[in-house]
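Biologist: Could you take me through this structure step by step, one element at a time?

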Amino acid sequence: MNKVRIALLSVLLVMLAAVSLRTAPAALAQTPTPIPPVPRPEGSTEVVFWYGLGGNLGNVILQVVNLYNSSQSTYYVNPVFQASYDDTINKINAGLASGELPNVAQIFEAGTQRMIDSGRIIPVQDLLARDGMLDIIDDMEPAVRANYEVGGILYSAPFNSSTAMLYINRAAFIEAGLNPDEPMVTFDQVAEYARALTVRDANGNVIRHGLGVYPEGWFLEQIHAIHDTYIALPNNGLQGERVTRYNYNSPIGVQWVEFLKGLVDEGVAVYYGTGGGGASSAAFVNGQIAMHFASIASLRGLISAAENAGAGVDVGVLYMPRNPGATGKTIVGGASLWITDVGTPEQQEGAWDFVKFTLRPEVQAFWSVNTGYYPVVRAAYELPEMQAGLEAYPQFQVAIDQIRLAEITDRNTAHVSGIFVPYRTHYVQAFDRYFNGEFASAQEALDAAVAISNEQLEEYNLTIGG
Amino acid sequence: MKVSGSLLRGFISYQTGVYILLIVVSVILLSPLLFSLSLALQGPTVAPSIIPRDLTNLDWRVFIRVFEEQPVIIRWIVNSFVAAFGVTLGVLVSSSLFAYVLAYFDFPGKTLLFFIALGSLMVPFEATLIPNYLLVTQWGWTNSYQGLIVPFIASGFGIFLMRQYFLTLPRELYDAAMVDGCSRFRYLWLVLLPLSRPALATLAVYTFLGTWNQFYWPLLVTSATEWRTTQVGITIFRNFEGGAIFNTQMAATLIVMVPTLLLLVLGQRQLVSGLTAGALKG
């Protein structure tokens, strides 16, 4: 027993000694100059802000809060991290019964319907109208604005918005004689690219696959939006009427899944399974796959990882693939800031003041440059720091162009549903089961998933009392 | 000579075999920890490998960065300790007292009481979550140790475990003590509890770890950063949008594990002797 204890303690000691040696860290991605927190000013009103974005991006949120707190002394925003987007909405659900709610909350779009149904929300549009600031809405990125407008009312202030991209290894494209500079691609082209980019050794073993595949509900939504198809009926829930059924067993939904499955079966794409996004990005930056689907917010992380990996991967982006003649565009995903009616009138004013601050072009430019999300107001693009950011990351311009490809319609805007998170799980499970051979066709798999989704949707609508 | 030589060799190879087996098993058991350490030391990358590619260039500063980014992590560890100790102590006291009554005294409604205690095992945590939460908020116990501790200080499982254990001890001990004029409380304190150390130790470890690992309840009843427990607190290191980078997350996880590991290492003798004490008594 003693030996074990001594051994364990010595391991700990070695670790401590190693820490104190402070070995030089690897060349790391540069972190922005941090903006330090300021102490709460005497007599200021406290505004409680719940947010669900952790890690490096959460650190930038804290800097935005610090910027706000140091810009004035009437209000003091107290940021409280709530573990994740899911946990934030769960905590709000519980808080609805007890009144323990924040003044401002960052909620992902999957929570939009739930927040509206809570009845504790002050729509941002009302406050903008009161202060004569509706021109801010006109300046908002149309795709972003549409994402948080339900029944013609902007309920929350968009904060972090991104879209999905097809990441490519430009070096591999050039080597294979493909054009990495034409972002608009069809399914057939991507299939051709995947074949051309797949490299085999002398024994026929694949060294590099063309494409990485993993199930993700957000991509399914993108494909529907690109092809002007509602994913949920009626009207993606955007006309003030709750959706009553899902539609992702549509021809385009089936085509998307069959397209990916076909490439995997052909041996030119590799399937990473449920939650395989991480594995796929790792393979991408190491040059083991040449194309990879991910959010534009991943751009900086992928570029710096590719540099560190040293496999000669040159990160580029293309639009999400489409059928010839498709006229839609990708949707925007992310989170927005909601103002609640809890607390004193001063606190509510403070909450609004903080949200107004986040909509300023210079704050949006700071946010965008340090994270990789879109600025939600277009005025931000005119600022020098934003232009410098675009120069450093020309790939980002492709992402901006992609969400401006088409006029905004309900068909190419993210849907609103009470069972947003569960529906994605149903889809992901069906996708995975099809890839594992449990279904004969994508149609069969998606039909089964839609049946479960619709059942839960009906239950939600009954419970909430539509 | 020949025979004993081959015996010796046989013994040595047997020993080597055992050690190789033990090493293999311990590597398997430790692999999640080693993997976390490996991820922590590879810097902020979305593409870590299982074993760091460059062993001379490890980012040990990541552990310091965890404390720099969230100095409050020390407070989270303290919170977790206070809550887990509080709940464990409460469960040990309440379970022993209740089980003592159930095992040694006869009174009307005893069976009913026992079944109520057992019945509480059948009600899932999720069902009592909201009522508990409403009560705790109404009492103003959010962001407090009592909010983290009080809802868990009685446990149906603990009562059941202790009652069953008490019943295995000879009734004659109790009768003899009573004949000698021992008070009931003194019997519990001086005879019953020392004899029940194995059961108490099991219950204590089970309760401590269960409370230490709680996530949803602490998340609900704390809404200030300094009142979080470790499990809720360290989620702040998780990157999930814009690329999964694991280094600080894994470093923070390892840091919050150290106190429980130390407790285990230092308390192991107590625990093991407690368990074997019961086994040897036969």
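**Helices and domains**

Modeller: In chain A, 10 of the 11 residues of helix 13 (residues 299-309) are buried, so this helix is largely enclosed by the rest of the structure; buried residues have 20 or more other C-beta atoms, placed from the backbone, within 10 Å of their own. This is a predicted model, in which local features need pLDDT of at least 70 and side-chain atom pairs count only at pLDDT 80 or more, while totals for chains, interfaces and linings use all residues. Residues are numbered from 1 along each chain as its sequence is written, and chains are lettered from A and ligands numbered from 1 in the order in which they are written.

Biologist: Which residue follows helix 13 of chain A, and what is its phi?

Modeller: The buried residues of the helix include A:N308 and A:A309. Helix 13 of chain A is then followed by A:G310, with a positive phi near 65°.

Biologist: Are helix 15 and helix 16 of chain A roughly parallel or roughly antiparallel?

Modeller: The axes, which are lines fitted to C-alpha atoms over the stretch in contact, come within 9 Å and cross at roughly 20° for helix 15 (residues 361-371) and helix 16 (residues 384-392) of chain A. Since angles under 35 degrees count as such, helix 15 of chain A is therefore, relative to helix 16 of chain A, roughly parallel.

Biologist: How far apart are the centres of domain 1 and domain 2 of chain B?

Modeller: Chain B is divided into domain 1 (2-61) and domain 2 (72-237), with bounds from an automatic or database domain assignment. Taken over C-alpha atoms, the separation of their centres is 39 Å.

Conventions: Axes fitted to C-alpha atoms, helices over the stretch in contact; angles between N-to-C directions. Helix = DSSP H or I, 4+ residues; strand = E, 2+ residues; numbered from the N terminus. Parallel < 35°, antiparallel > 145°, perpendicular 65-115°, else oblique. Buried ≥ 20, exposed ≤ 12 C-beta atoms within 10 Å, placed from the backbone.
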